[in-house]
Amino acid sequence: MEIIRSHQNAMVKNYQKLQTSKGRKKSEAYMIEGEHLVEEAIQSNISIQRLVVSEDTIQFYEKWTKSYPTMFVSKEVFEKLSMTQTNQGILAIVPLEKKPLVEVPQGRYLLADAVQDPGNLGTIIRTADAAGFDAVVLGEGCVDLYNDKVVRSMQGSQFHVAIYHENLMDVYGKLKENDIPIAVTALHRDAKDFKWLTGRDSVAIVVGNEGNGVRDELIESADFIIQIPMFGQAESLNVAIATGVLMYQTRI
């Protein structure tokens, strides 16, 4: 068993590039780290291009290293590749998902307009998965889906719910063609109470940027404007919290 100990190894250097958005796009791959995420990928039949295992954890992951291409590295090299402070000694290289949104059948959709905080976006996608939404569509200005903080926040939900990168106005057109109502979140005098979503099994919910909200053109072109009432002194909810409330309201 060969154990790579040099930071200058060509494969190590290539995998280090996956820590950047540019490197991920060029390689069309990204890293998932930790036993839970690797297991989620394997159980979801995601193509594992390669496992990377630290020499001090080899015995824990033999169930996988016998079945997938594996690079064994020293603890020091693994720490160079790891994006966490306390690592579990395993990561996997998996392909980026690139698929166009061709059809929009009846169902529940979440559209995100320029959500920029990695923790927020990851939490939104994880909650969409938990709420049984059919797809999440990321519009212009959203943080990189494969940013390591987004990946950690998603906790493997990217393997369970369809995620697309699209022009949201184009998606509006497809939704309207299929008579799927579009409900955008905004503070507006004509806004409906969020309970309008109750029991709706076909709807598109649009949420926006943490500071600026949803863009005007998306608000103006939506079918409905909805909002969650505030009962205390806070002006609004965090976008991930608000999105969770709205998505689960469709399940009541």
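Angles under 35 degrees count as roughly parallel, over 145 as roughly antiparallel, 65 to 115 as roughly perpendicular, and the rest as oblique. Keep that rule ready for the first stop.

This is a predicted model, where local features need pLDDT of at least 70, side-chain atom pairs count only at pLDDT 80 or more, and totals for chains, interfaces and linings use all residues. Residues are numbered from 1 along each chain as its sequence is written, and side-chain values use heavy atoms, with hydrogens and water left out.

**Stop 1: two helices**

Select residues 118–130, helix H6, and residues 239–249, helix H10. Helices (H or I, at least four residues) and strands (E, at least two) are DSSP runs, numbered from the N terminus. H6 and H10 pack at an angle of about 15°, and their axes are 9 Å apart. Axes are lines fitted to C-alpha atoms, for helices over the stretch in contact; angles run from 0 to 180 degrees between N-to-C directions. H6 and H10 are therefore roughly parallel.

Now show the side of H6 that touches H10: Asn120, Thr123, Ile124, Thr127, Ala128 and Ala130. Contact means heavy atoms within 4.5 Å. Colour these residues by class: 7 are nonpolar, 5 polar and none charged. Ala, Val, Leu, Ile, Met, Phe, Trp, Tyr, Cys and Pro count as nonpolar; Asp, Glu, Lys and Arg as charged; the others, Gly among them, as polar.

**Stop 2: the largest pocket**

Select Thr185, Ala186, Leu187, Ser236 and Leu237, which lie nearest the centre of the largest pocket. On a 1 Å grid over the protein atoms alone, a pocket is an open set of points with protein on both sides within 12 Å along at least five of seven lines; a cavity is a set where a 1.4 Å probe fits but cannot get out; lining residues have an atom within 4 Å of a point. The largest pocket holds about 550 Å³ of space. Its lining has 24 residues. Which element gives the most to this lining? H10 does, with 4 residues.

**Stop 3: the second largest pocket**

Select Lys25, Asp144, Leu145, Tyr146 and His165, nearest the centre of the second largest pocket. The volume here is about 240 Å³. Helix H2 (residues 21–27) gives the most to the lining, with 3 residues. By class, the lining has 6 nonpolar, 3 polar and 7 charged residues.

**Stop 4**

Last, look inside. The largest cavity has a volume of about 140 Å³. Select Met31, Ile32, Glu33, Met83 and Asp148, the closest to its centre among 13 lining residues. The lining divides into 7 nonpolar, 2 polar and 4 charged.

Note on methods
Points joined across faces, edges and corners; volume = space filled by probe spheres on them.
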